[in-house]
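This report covers the nonpolar core and the salt bridges of one protein model. The sequence and structure come first.

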Amino acid sequence: MTQHTDLPPDLLPTAVRQFLAAHIVRDTDTASSFLAEDAVIVDQGETFRGREETYAFLRDADSEFEYTTEQIGAHRVDDTHWVVTVRLEGTFPGGVAELDYRFALRDDVIAELVIANHPA
């Protein structure tokens, strides 16, 4: 059963909450520690697989532009799927973006993360 509710950050699973906290402050080592060895990240049509590729993605994504991140929504889809909506403001084209971080968990770590534009 799908359950869409706005959740405060402290009710998100630990792996999601800690990943986001580290990612926001650009701590790639800590953020990647919450990913499964065979994790998959999909962002802007590109897919990154496994420890090395996902680490490189997180490291490089954090260095390309200056931006701030604010969590503006979150909901539980089911026991293993969570969506967190963030608002980015910065020096990237357009200057403002709202993105959904769609997490799939396995054994209390992030198995998959799909980053996509939040529906208007």
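The text below takes up the core, then the charged pairs.

The model is predicted. Its largest nonpolar core has 31 residues. Those with the most contacts inside this core are F19, V84, Y101, F103, I110 and L113. Both helices and strands contribute: α1 (14-24) and α3 (50-64) each supply at least two core residues, and so do β1 (35-43), β3 (67-78), β4 (81-90), β5 (96-106) and β6 (109-117). In soluble globular proteins, nonpolar side chains tend to be buried together.

Which residues does L113 touch, leaving aside its neighbours within four places in sequence? L113 is in contact with F19, with V40, I41 and V42, and with Y101, R102 and F103.

A search of the whole structure finds 7 salt bridges.

| Salt bridge | Closest N to O distance |
|---|---|
| D38 and R106 | 2.4 Å |
| E89 and R87 | 3.0 Å |

The bridge between D38 and R106 links distant parts of the chain, with D38 in strand β1 and R106 in strand β5, 68 residues apart. D38 has a relative accessible area of 47% and is partly exposed; R106 is also partly exposed, at 36%.

E89 forms a salt bridge with R87. E89 is partly exposed, with a relative accessible area of 39%, and R87 is partly exposed at 26%. Salt bridges that share partners join R87, E89 and E98 into one network.

Definitions and conventions
Residues numbered from 1 in each chain as written. Predicted model: local features only at pLDDT ≥ 70, side-chain atom pairs only at ≥ 80, totals over all residues. Heavy atoms only, no water. Core = buried A, V, L, I, M, F, W, Y, C linked by side-chain atoms within 4.5 Å. Buried < 20%, exposed > 50% of the residue type's maximum accessible area, 1.4 Å probe, protein only. Helix = DSSP H or I, 4+ residues; strand = E, 2+ residues; numbered from the N terminus. Contact = heavy atoms within 4.5 Å. Salt bridge = Lys/Arg side-chain N within 4 Å of Asp/Glu carboxyl O.
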